[in-house]
Amino acid sequence: MTAMLDVSDLRAWYGQAQALRGLGFRLAEGGVTALLGANGAGKTTVLRAICNMVRTAGTIAFEGRPLTGLSTASIVRLGIAHVPQGRGTFTTMTVEENLQLGAISRSDRRGIISDTERMYSHFPVLRERRRQQAGTLSGGEQQMLAVARALMLRPRLLLLDEPSFGLAPLVVRDVFGILGKINREDKVTILVVEQNAQLALELAEAAYVIETGRIVMSGSAADIANNEDVRKSYLGY
Amino acid sequence: MMVDASRKAISDAPPSDADAARTMRLGTGTSLVILLLLLVAPLLVKNFIVFQLTTVLIYGIAILALNILTGGSGQFSLGQSAFYALGAYTSAILIEHAGVNYALTLPISGIVCFAAGFLFGLPALRLSGVYLALATFALAVATPQLLKLGALEPWTGGVQGLVVDKPDAPFGLPVSQDAWLYYFTLAIAVAIYIASVNLLSSRSGRAMMAIRDNEIAASAMGINVALYKTLTFGVSAAITGIAGGLGAIAVQFVAPDSFTIQLAIALFLGMVVGGVGWLPGSLVGAAFIVFIPNVAESISKGLSGAVFGVLLLVVIFLVPDGARQVAQACRSVIGRRKG
Amino acid sequence: MELLSNQILAGIATGAIYACMALALVMIYQAIGQLNFAQGEMAMFSTFMAWQMIHWGAPYWAAFVLTLMLSFAGGVVIERLLFRPLAKAPILTNLAGFLALFAIINSVAGLIWDFTIKPFPSPFGSSPFLGSRLVSTHQAGMIGVILLVLAVLFVFLRFTRMGLAMRAAAAQPESARLVGIDTNRMIALGWGMAAAVGAVAGMLIAPVVFLDPNMMGGVLIYGFAAAVLGGLSSPPGAVVGGFLVGIIENLVGTYVSGVGNELKLPIALALIVIVLVVKPSGLFGRQEIKRV
């Protein structure tokens with residue numbers, strides 16, 4: 001199996017503080033991988049490092065191509081969509097403009113139009129609110145918009161930072177259902193960072209557990225879910 | 001993410017921490033060396049340069065006042081020239097029309113400017129960032145025009161301004177007028193500097209800095225934000241007014257066109273060059289705005305403005321945090337050597 | 001009554017210039033969160049370039065268009081050379097940078113073209129407009145050109161993908177990078193456009209105030225006032241602010257007794273400050289929500 005994303009000896013810093021202390025992992029093409037860990041373990045930093053949004057050392061290769069030295073915008077243009085924490089909604093713009101922004105680096109007009117339609121069929125509520133200012137959407141709707149905006153890039157890799165954060169349980173089920181569907185139908189590889197380990201392990205095939213900037217455990221989602229320590233620390237039973 | 005640029009705006013002094021008070025001033029040893037240098041300087045140079053050094057001290061006081069306002073409470077003013085003018089005119093009028101001793105006019109100027117600053121601080125409470133900058137800017141632009149008003153002419157002398165006598169050294173001391181004025185100014189500058197350092201490291205100073213760093217959190221901690229902000233405006237205006245009074249005595253002349261927006265801009269540039277919020281930097285910034293235009297003039301008469309601009313750019317490119325950054329670098333080098 | 005309506009019309013004409021300056025200021029403010037104190041000097045320099053071309057025999061509109069292009073390039077260069085390196089410096093240091101730029105441009109223009117006042121041609125002539133004593137054809141043409149500039153900008157920002165990307169980069173730079181927008185390029189573009197818009201203002205006001213290196217001082221102050229009055233977060237607000245400031249300035253000068261040219265500016269500014277005290281983020285600005 002070829003690795004879509006190959007990360008090795010990744011270190012990252014915020015100012016003087018080191019957040020990642022040399023970690024490595026590989027993402028299989030077409031799979032869903034979960035990054036688990038407590039608050040402050042460095043999960044978000046891994047995603048930010050992939051998009052060159054923090055100071056890093058080590059190597060990250062996407063489809064065999066090293067990302068070192070590329071700007072965030074050019075990394076995104078390679079086909080890596082990133083739904084950040086807080087969702088990154090363009091609050092002052094309409095829902096439709098948000099979707100257009102997701103596709104801003106593409107030039108195939110037809111494709112953009114048909115993808116917009118496809119997003120509206122994935123998330124019908126967005127169609128109802130297409131002319132509304134995105135900042136007025138509810139949390140769940142904004143999360144759907146964020147996922148839809150990311151997919152408008154037609155990414156090959158989708159990075160999701162806490163997609164369940166602040167959402168009602170029913171909405172979370174919805175969002176994760178659609179993520180699974182997107183992974184199966186559109187063959188988008190997904191790397192998801194989650195506090196809600198149970199949920200993430202249901203969606204993912206593989207998982208890594210991070211503690212204080214290092215990977216302390218890795219394996220298939222089922223193995224991780226059955227691990228005694230993980231169950232105690234992250235699953236709560 | 002939710003705070004826009006105009007709001008977070010001005011408070012770019014580093015966040016206050018346990019040693020905020022220490023970073024605001026110099027160590028005792030360094031302070032004494034600088035004081036010694038300032039004491040002997042007039043003995044070594046010509047009278048005209050003594051006069052320039054006096055000007056540096058006076059501007060240094062005015063920049064210190066701006067530093068207290070901006071570095072202390074995070075408010076920003078382009079209107080300092082108005083308070084400087086008010087102080088200068090108060091002293092000049094008291095000396096010339098009421099025959100008050102020049103030294104006694106200074107506290108009066110300070111009090112008048114404190115009141116003016118406090119009153120201006122009240123509406124300014126509603127404004128922050130660039131909006132406050134505009135309001136203070138309006139004040140600075142209006143000042144020369146107001147000073148020219150016909151109704152005030154009996155006191156202000158209108159466009160002509162007022163001439164002030166230069167004081168002699170008291171008690172028959174054998175020093176020139178320039179040297180006496182220098183030492184007189186130096187004594188006041190040192191007193192104001194010490195008082196300011198103490199003010200900023202006091203309870204009130206910490207309250208001011210808490211407001212600068214986070215106004216909402218400060219008010220949640222029980223700090224009376226409105227009171228402290230207006231008080232800071234008042235204190236800053238008072239110190240600026242004293243500098244203005246000294247300026248009137250030193251230059252022996254006040255006129256509306258000495259107090260245009262250019263003066264306010266010069267004081268602002270002095271603050272940036274010295275390092276925003278770093279009190280000792282005020283002296284460095286003052287030296288910059290007094291001497292660098294002359295240097296620029298001597299390099300090229302026709303392009304003196306451009307040369308000044310380029311020199312200013314060089315400074316802010318090399319040390320965006322001004323003299324403070326240089327001082328910090330020196331301190332860490334010395335620290336490493338000792339350690 | 002005729003005096004009043006004519007004064008308002010004259011106010012709209014000068015207001016159009018302030019609107020242009022305010023718009024240029026807001027464009028840069030939106031891109032980098034800074035007020036460009038050198039905007040007026042940049043416009044002045046552009047106007048001198050146009051004057052030089054006309055002096056060398058170029059037709060007015062050719063010089064006009066070429067000046068716009070050169071100004072755009074100049075704006076981009078200034079951003080790259082001066083303000084990109086300062087992007088991480090404190091905001092007040094940036095302000096000092098603008099003032100340095102101000103001094104440099106003013107001094108260089110004085111050296112090249114000296115400080116004597118020069119007339120600048122108007123393509124619209126200066127006869128009375130529709131028989132009005134206070135409004136000339138130049139002022140009418142000025143309003144027309146500026147409304148056209150505003151319309152073009154509006155269409156660009158509202159209906160083109162590039163405009164959308166620019167707005168996104170200004171509103172949420174980090175999110176913009178995450179959809180693949182090169183925000184640095186957008187900032188440079190914003191500077192270029194602001195410089196070009198400023199050049200339009202300079203070339204249109206020059207026939208009225210005459211050409212010299214200090215011509216934009218007063219205009220810039222009113223431009224600031226207009227931008228702040230309208231709300232810095234709102235380009236249309238800046239335009240309305242420009243017109244309002246122009247009208248206020250004219251009416252204060254005409255109807256308040258004892259107000260000469262000297263006091264017009266302070267009074268206009270005082271009025272604006274009063275408005276701000278009532279509405280601290282400008283007439284059309286959004287009140288930002290603060291989080292602790």
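The following legends describe close-up views of a predicted model.

**View 1. The open sheet of chain A.** Six strands of chain A form an open sheet in the order 6-7-8-3-9-10, and their pairing is mixed. Strand 6 (80-83) and strand 10 (214-220) of chain A stand at the edges; each has a single partner strand, so one side of each lacks a neighbour in the sheet. On average, neighbouring strands of this sheet are turned by 15° against each other, direction ignored.

**View 2. Pairing of strand 3 with strand 9 in chain A.** Strand 3 (residues 32-37) and strand 9 (residues 206-211) of chain A run parallel and are joined by 5 bridges. Within this pairing, A:Leu36 has A:Val209 of strand 9 as its bridge partner.

**View 3. Helices packed on the sheet of chain A.** Helix 6 (residues 139-151) of chain A packs on the sheet, where it touches strand 6 and strand 7 (157-161). The direction of helix 6 makes about 170° with that of strand 6 of chain A. Helix 7 (residues 169-186) of chain A also packs on the sheet, touching strand 3, strand 7 and strand 8 (189-193). The direction of helix 7 makes about 150° with that of strand 8 of chain A.

**View 4. The surroundings of C:Gln39.** C:Gln39 lies in helix 2 (residues 39-55) of chain C. With a relative accessible area of 1%, C:Gln39 is buried, because the limit for this class is under 20%. A polar atom of the C:Gln39 side chain lies 3.5 Å from the backbone oxygen of C:Ala194. Leaving aside neighbours within four places in sequence, the residues in contact with C:Gln39 are C:Met21, C:Ala24, C:Leu25, C:Ile28, C:Ala194, C:Ala195 and C:Leu220.

Key:
Residues numbered from 1 in each chain as written. Chains lettered and ligands numbered in written order. Predicted model: local features only at pLDDT ≥ 70, side-chain atom pairs only at ≥ 80, totals over all residues. Heavy atoms only, no water. Pairing = 2+ DSSP bridges. Helix = DSSP H or I, 4+ residues; strand = E, 2+ residues; numbered from the N terminus. Axes fitted to C-alpha atoms, helices over the stretch in contact; angles between N-to-C directions. Contact = heavy atoms within 4.5 Å. Buried < 20%, exposed > 50% of the residue type's maximum accessible area, 1.4 Å probe, protein only. Polar contact = N/O pair within 3.5 Å; in protein donor to acceptor, adjacent residues only side chain to side chain.
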